[in-house]
Amino acid sequence: MAAVASMTGFAAVSAAAPQATLSVELKSVNARFLELGIRLPDELRALETGARELLGSRLTRGKVDLRVTVTRDQSAPNARLSQQTLTRLAAIAGEASAAMRDAAPLGLGDILRWPGVIESDQDDVEQLREPFGRALDEALHLLSQARTREGAALRSTLLERCDGIERIVTELRTQVPAILAMLTRKLQERLSQALVPALSGSNHLSREELNDRIRQEVTLYGMRADVDEELQRLATHVIEVRRVLDAGGAVGRRLDFLMQELNREANTVGSKASAIEMTNAAVELKLLIEQMREQIQNLE
C-alpha cells in the first residue's frame, strides 16, 4: 500500500564541497499541480535542469520552492573577493540607501556573506555537482518523510469523518421508515378532513374514488420524501473514500471529486427533509463533508 502524502513540508540540508558549504532548503505548500520555484547561485545555474527533473520525478503536486546557497571558505589560500559582485552590491546598497535614508549601511560581515562576493580558483560547477546532487537528494528524502507523516495524520482524520457519515446514514435508515409512516398518516388525515366534507355533496366523485385520490397523493408524497437512494449512494461513496485512502499514492484529485458527490447527496437529503431529524442529519452530513474537503486540499 502506497502512503498518502500531504503537499506541505519543509527540509534543510547542508553538504561539504571543496572550499565551500552548500545549503539546500526545500519547502512545499498546496497547489493544484506541481509548481517548481528554483533559486540557485550563479555558479550552479548549469545544474538547474537536472534539479527540475529530479523534483518532477519524486513529487506529484504542490508548490515547491528550492533555495540553494554556497558559502565559501574564507580561509582558503586562493579565496579572493569578486570585484564584479562587489560593484553590483555597492550599486544595490546605494539605491537602498537613497530609498531608505534611515537604514544602517551594510557591515563587513553582511558584505562577506553576500552570495558570490568570495570566489576562488575552484569555482567550477563540476566541483559542486556531486555535493549539490547529494544534498538535494537528501533534502527530497526528508521532505517526502515530512509530507508522508502529515499525510498519515490527515488520513486518520478523514477516516474519522467517514465513521461519522456512516453513523448518520445508519441512524437515518433506522428512523426514516417511522418518520415517513407518521408523515403520510398525518397527511392522509388532513386531506380527508379537508376534502371529504367539501366534496361529499358532489356527484362527480364517489367516496371510494375520493379515497383512492387521497391515497395516490399520499403515495406520491412518500416517494418524493424517501431518501433511501441518497443514503445508499452516501454509503457507497464513503466505501470508495476508504478504498482510495487504503490504496494510497496521489489521491487528492480523486477524493476531491468524491467530496462533490457526497455533498450532492447530502444536499438532496436536506431538500427532501420532511422532519427535524432529517434536517439535522443533513446539516451534520454537510459539516462533516466540508471538514473532509478542507483536509483533502492538503493531500498530494
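His237 sits in helix α6, and with 14% relative accessibility it counts as buried. Buried here means under 20% relative accessible area, exposed means over 50%, and partly exposed is in between, using a 1.4 Å probe and protein chains only.

Before going on, a word on what we are looking at. This is a predicted model, where local features need pLDDT of at least 70 and side-chain atom pairs count only at pLDDT 80 or more, while totals for chains, interfaces and linings use all residues. Residues are numbered from 1 along each chain as its sequence is written, and side-chain values use heavy atoms, with hydrogens and water left out.

Now the overall layout. The chain has 8 helices and 6 strands; these are DSSP runs numbered from the N terminus, helices being H or I with at least four residues and strands being E with at least two. Starting at the N terminus, the order of elements is β-β-β-α-β-β-α-α-β-α-α-α-α-α. Of the 300 residues in the chain, 35% are buried. And if you take contacts between residues at least 6 apart in sequence, 81% of them join residues at least 24 apart.

What does α6 pack against? Helix α6 (residues 228-247) and helix α7 (residues 252-272) have axes that come within 10 Å and cross at roughly 160°. Axes are lines fitted to C-alpha atoms, for helices over the stretch in contact, and angles run from 0 to 180 degrees between N-to-C directions. The two helices are therefore roughly antiparallel, a label for angles over 145 degrees; under 35 is roughly parallel, 65 to 115 roughly perpendicular, and the rest oblique. The crossing of α6 past α7 is left-handed, meaning the near helix is turned anticlockwise from the far one by less than a right angle; clockwise would be right-handed. On the α6 side, the contact includes Leu234, His237 and Val241, and on the α7 side it includes Leu258, Leu262 and Glu265. By class, the residues of this contact are 11 nonpolar, 2 polar and 7 charged. For the classes, Ala, Val, Leu, Ile, Met, Phe, Trp, Tyr, Cys and Pro count as nonpolar, Asp, Glu, Lys and Arg as charged, and the others, Gly among them, as polar.

Helix α7 has another partner to show you. It packs with helix α8 (residues 276-296) at about 165°, the axes being 9 Å apart. That makes α7 and α8 roughly antiparallel, and α7 passes α8 in a left-handed crossing too. Among the residues that meet here are Leu255, Met259 and Leu262 in α7, and Leu285, Ile289 and Met292 in α8. This contact divides into 11 nonpolar, 4 polar and 4 charged residues.

Let's move to the sheet. In what order do its strands lie? It is an open sheet of 4 strands, ordered β1-β2-β4-β3, with mixed pairing; two strands pair if DSSP finds at least two bridges between them. Since β1 (9-17) and β3 (34-39) are at the edges with a single partner strand each, one side of each is left without a neighbour in the sheet. From one strand to the next, the twist averages 15°.

Looking at the pairs, β3 and strand β4 (residues 62-72) run parallel and are joined by 6 bridges. Leu34 stands opposite Gly62 in β4, and Ile38 stands opposite Leu66. β2 and β4, in turn, run antiparallel with 10 bridges, and Val29 has Lys63 in β4 as its bridge partner.

In a regular strand, side chains alternate between the two faces of the sheet.

Asp42 lies in the loop between β3 and α1 and is exposed, at 58% relative accessible area; its C-alpha is 9.7 Å from that of Val125, 83 residues away in sequence. Glu138, in helix α4 (residues 125-199), is partly exposed at 41% relative accessibility. Its C-alpha lies 9.8 Å from that of Ala15, 123 residues apart along the chain. Thanks, everyone!

Terms used: Contact = heavy atoms within 4.5 Å.
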